[in-house]
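Welcome! Here is a short briefing on two residues and their surroundings, written to be read beside the model.

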Amino acid sequence: MKVVHENFEKMAKKAHGLRVLGSAALNMSMVALGAADANYEFGIHAWDVCAGDLIVREAGGVVIDPAGGEFDIMSRRVLAAATPELAQEISKVLTQFNPLPRDD
């Protein structure tokens, strides 16, 4: 997917390191733990992020829409970050992608 490659290139220029652990909840938990500063995903489903959303918020982090607005668990888009300022900074850099809703 072109947007994934484009965002990876953009973030690689600004980040100390990039990691993808294979699970949205695990990636978001790394933000809550302080082992990662932020995590974003497009095309993800509610069941993949519902626990991560709670864990990040309970740890004092923030979960928003990657465009910078309020997080909608059904939107298939998520950005978790250690601080609101970092989340907003990342949202300005990302190329946005709006996945289609599932039909089932």
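Predicted model: local features only at pLDDT ≥ 70, side-chain atom pairs only at ≥ 80, totals over all residues.

## Two residues in view

Asp 48 sits in helix H3, which spans residues 46-58.

**Asp 48: annotation and surroundings**
- According to UniProt, in an unreviewed entry, the "binding site" annotation covers Asp 48.
- With a relative accessible area of 27%, Asp 48 is partly exposed, because that value falls between the 20% and 50% cut-offs.
- Once neighbours within four places in sequence are set aside, Asp 48 is in contact with Ala 24 and Ala 25.

**Arg 77: burial and packing**
- Arg 77 counts as buried because its relative accessible area is 5%, and buried means under 20%.
- Leaving out neighbours within four places in sequence, the contacts of Arg 77 include Glu 41, Phe 42 and Ile 44.
- Also among them are Asp 65, Pro 66 and Ala 67, as well as Phe 71 and Asp 72.
- Gln 96, Phe 97, Asn 98 and Pro 99 are in contact with Arg 77 too.
- Between Arg 77 and Gly 43 there are 6.1 Å in space, C-alpha to C-alpha, while in sequence they are 34 residues apart.

**Arg 77: what its side chain reaches**
- A polar contact of 2.8 Å links the side chains of Arg 77 and Asp 65.
- The backbone oxygen of Phe 97 is reached by the Arg 77 side chain at 2.4 Å.

Terms used
Residues numbered from 1 in each chain as written. Heavy atoms only, no water. UniProt positions renumbered as here; feature names shortened; annotations may be inferred. Helix = DSSP H or I, 4+ residues; strand = E, 2+ residues; numbered from the N terminus. Buried < 20%, exposed > 50% of the residue type's maximum accessible area, 1.4 Å probe, protein only. Contact = heavy atoms within 4.5 Å. Polar contact = N/O pair within 3.5 Å; in protein donor to acceptor, adjacent residues only side chain to side chain.
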